[in-house]
Amino acid sequence: MAQSIGLNSPNSYRLISVVISNNEGNQVDISNLVDSFQITESIYQMFLTGSMTFADSTNTFNKIGFTGQEYIRLHFSGPQKEEDDSDGSHINQVFRIININSYIRDTQQDLAKTIYGVKFCSPLLYESITQRVNKHFGGKNGQIIDEITKKYLNFGDEP
């Protein structure tokens, strides 16, 4: 439950669901495994990035079958205005997983547990990082950037 009702603070958000989908279309809900998540927005970059950690004791990592083509959908409620968050906004955002690391393997308990760290970004950032343009451009810098973003990165004409 949010500690500061009605205020925009890190504690006023509630994670509803986290679903990872692989390139075969299989989806795994890892909401109950998530330990923490962070989404970053910068004035210097027009894309969202983030990170998340989750604890896996049921071999979920292998069930997903990570190949580098996975997406993650985060659904969480925004700043709550009332106790039941019925007036709060909901955010349902899809990200592209760009990196995953294994941190700790705890075998002292009955079940082996591995903590995974996942880094993700908006699909447009992933596309702009991985797509290469091999072409000679002429004109001013603004015209070249405009042509690349519209033709190759599928940006619209919206401001």
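Let's start at Asn 32, which sits in the loop between β2 (27-29) and β3 (34-42). Strands here are DSSP runs of E, at least two residues, and helices are runs of H or I, at least four residues, numbered from the N terminus. Asn 32 is exposed, with a relative accessible area of 69%; exposed means over 50%, buried under 20%, and partly exposed in between, with a 1.4 Å probe and protein chains only. Across the fold, Asn 32 and Ala 55 are 9.1 Å apart in space, C-alpha to C-alpha, and 23 residues apart in sequence.

A quick word on the model: it is predicted, so local features need pLDDT of at least 70 and side-chain atom pairs count only at pLDDT 80 or more, while totals for chains, interfaces and linings use all residues. Residues are numbered from 1 along each chain as its sequence is written, and side-chain values use heavy atoms, with hydrogens and water left out.

Now, is Ser 17 buried or exposed? Ser 17 is buried, at a relative accessible area of 17%, and belongs to strand β1 (residues 14-21). Beyond its neighbours within four places in sequence, Ser 17 is in contact (heavy atoms within 4.5 Å) with Ser 31, Arg 73, Leu 74 and His 75.

Stepping back, the protein chain has seven strands and three helices, running β-β-β-β-α-β-β-β-α-α along the sequence. Of its 159 residues, 28% are buried. Among contacts with a separation of 6 or more, 55% come from residues 24 or more positions apart. Thanks, everyone!
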